[in-house]
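Here is a short note for someone opening this structure for the first time. Please read the points in order, with the model on screen.

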Amino acid sequence: MPSEPSRLSKSRYLSGLQCHKQLWWRVHEPEAPELSPSAGQQNLLAQGRQVGERARRHVPGGELIDLPFHQYQYDNKVAATREALQRGVPAMYEAWFLADETYVGVDILERTSRGYGVIEVKASNSRKPEHLPDAAVQVHVLRRAGLQVERAEVMHLNPACRYPDLSNLFVREDVTALVESVLIGVPDELAAQRRMLEGPLPDVPIGEHCTNPYDCPFLARCWPKLPDHHVSKLYRIERKRALELEADGYATIYDLPSDLELSVIHARQVKAVQSGRMVVEPTLTKTLAQFASPLAFLDFETVSLAIPRWPGCRPWQQVPVQFSAHVEERDRGLVHHQWIADGPEDPRPALAEALVEACAGARKVVAYYASFERDCMEQLRESVPRFAKQLERIEKRVVDLLPAIRNHVYHPDFGGGFSIKKTLPALVPGLSYADLKVQDGEMATVELQRLMLQGAELPAGERAALRDALLRYCERDTWAMVKLLEKLRSLVADQLELF
């Protein structure tokens, strides 16, 4: 009999369905560094577990197969599930089954009048195509184990739900007919995966499957290292088009012919890369006229919770919980204002009040990718109506620094992107995020959530250090905008001197 490590599981099957080579590495190199989850992935997993626990309330009266979990040691859970089935419990949570040399865990197994229903719980706001093979392999194994499974459902979060009424937190979708059509190929795929795992590493060409439905953790092993300024670095180029250009002999931007039809942004990028010099359009002068002092430079940070906990919030809503603002003030120069939530209470009323006070004297409010800041302010207007008029005035004064760069400037070191993480070190050498403990938005979201929801449990020193790291990160965003605008103005001044 195969040992547990060589058997398949639901998660292994789904990995193999995406790519046999990925599955081979997962099974034969379970300690591979690529399989260590990032902080963001750990946060999603933790919130997924919370969603699973909450879903049980909507199928009450069940029994949790609650046994110590050890990777690859599922037989005790299978035995406990079998015993609960014999007792005729109306439902089970985290039931485990083994058949066809494959283990599956079922989020919720519900007894019906004619058999059983499998309910796969997902922490997404909708049913997705990849949820069907997930449910299908469960139905396959349960039927092979002798259960009469007559219904399959996907239970996902409801984007129409609003806190505090969580009675409609979930939507249950009957996917029985869809699963039955997927089931046809499951036995052959399981057999193919088992045969593959008994042999050497399979040869699987790279392709669209490497990132669909999920990014493969082993991408770096398979995909060749690209040369500098590869054609795939053209701004927002579709992968299909990049492959076509490469097939035509244009591997890098240096190789592109002068008569190739390009968008305006692509043409500017090609010119900068091929000449090795930054390109600054004369139109930048007119664009910068909208940045009229006194200015406020504004950035928000948000948290996103699967299960909402503040009034009016929906699942996975990005809720602003921190801001930084560098504000030009008369007789004081550039003054920094900031606010951060550090407890579980609704942060929006206090944040809105601090924001209104900070930006009161600004003629224009500068943001980078301003649609995000506008969305945050719209949320604040809805949730804190007493400041709605002031927030609306601030929102109307927002100007976006991103298009000023994207539509008028290109530096070869942008690398095909215009995020502030790319434009800042290229335009303002020596200033970046590399010296910070929190260096990107994903990490900021995870750490803000930890500060707010677990901060009271942290040692005082650790809590203070976490708060300081988050403040420094958000402040760097607005300071970066200050320095980028200074740089753009100096570029305009340099151009004027030439005439």
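1. Start with E101. E101 has a positive phi of about 55°, although it is not a glycine. Look for E101 in the loop between β3 (91-99) and β4 (102-111). Keep in mind that the model is predicted.

2. Compare R236. Its phi is positive too, at about 55°, and R236 is not a glycine. The residue lies in the loop between α8 (219-222) and α9 (239-247). Is R236 buried or exposed? R236 counts as exposed because its relative accessible area is 68%, and the cut-off for exposed is over 50%.

3. Now the whole chain. The secondary structure comes to 18 helices and 14 strands. Along its principal axes, the C-alpha trace spans about 85 × 60 × 40 Å. The chain has 499 residues, and 47% of them count as buried. It exposes about 24700 Å², with carbon and sulfur atoms supplying 51% of that area.

4. Contacts and charges come next. Take the contacts between residues at least 6 apart in sequence: 68% of these join residues at least 24 apart. The chain carries 61 positive and 68 negative charges, and their mean positions are 3 Å apart.

5. Which strands does β10 pair with? Strand β10 covers residues 318-329, and nine of its 12 residues are buried. On one side of the pairing list is β9, joined to β10 by nine bridges in the antiparallel sense. There, A296 has V327 of β10 as its bridge partner. The other is β11 (residues 333-340), also antiparallel to β10, with eight bridges. In that pair S324 stands opposite Q338 of β11.

6. β10 and β11 form a hairpin with three residues between them. D331 sits in this turn and has a positive phi of about 70°.

7. Follow β9 onward. Strand β9 (residues 295-304) runs parallel to β12 (residues 364-367), and three bridges join them. F297 stands opposite V366 of β12. β12 in turn pairs with β13 (residues 398-400) in the parallel sense, over three bridges. Here V365 stands opposite V398 of β13.

8. Two cis peptide bonds deserve a look. One runs from S293 to P294, with omega near 0°. P294 lies in the loop between α11 (284-288) and β9. Another runs from Y163 to P164, with omega near 15°. P164 lies in the loop between β6 (149-157) and β7 (170-174).

9. Turn to the interior. In soluble globular proteins, nonpolar side chains tend to be buried together. The largest nonpolar core here has 65 residues; F291, L401, I405, L484 and L488 touch the most other members. Helix α18 (residues 460-497) gives the most to this core, with 13 residues. A second, separate core has 40 residues, including L85, V89, A95 and V139.

10. Finish at F291. What does F291 touch, leaving aside residues up to four places away in sequence? Its contacts are V366, V399, D400, L401, A404, L485 and R489. Among them, V366 is the residue that stands opposite F297, and L401 is another of the residues that touch the most other core members.

Definitions and conventions
Residues numbered from 1 in each chain as written. Predicted model: local features only at pLDDT ≥ 70, side-chain atom pairs only at ≥ 80, totals over all residues. Heavy atoms only, no water. Pairing = 2+ DSSP bridges. Helix = DSSP H or I, 4+ residues; strand = E, 2+ residues; numbered from the N terminus. Core = buried A, V, L, I, M, F, W, Y, C linked by side-chain atoms within 4.5 Å. Buried < 20%, exposed > 50% of the residue type's maximum accessible area, 1.4 Å probe, protein only. Contact = heavy atoms within 4.5 Å. Areas by Shrake-Rupley, 256 points an atom, 1.4 Å probe, with all protein chains shown as cover. Lys, Arg positive; Asp, Glu negative; His and termini not counted. Charge placed at Lys NZ, Arg CZ, Asp CG, Glu CD.
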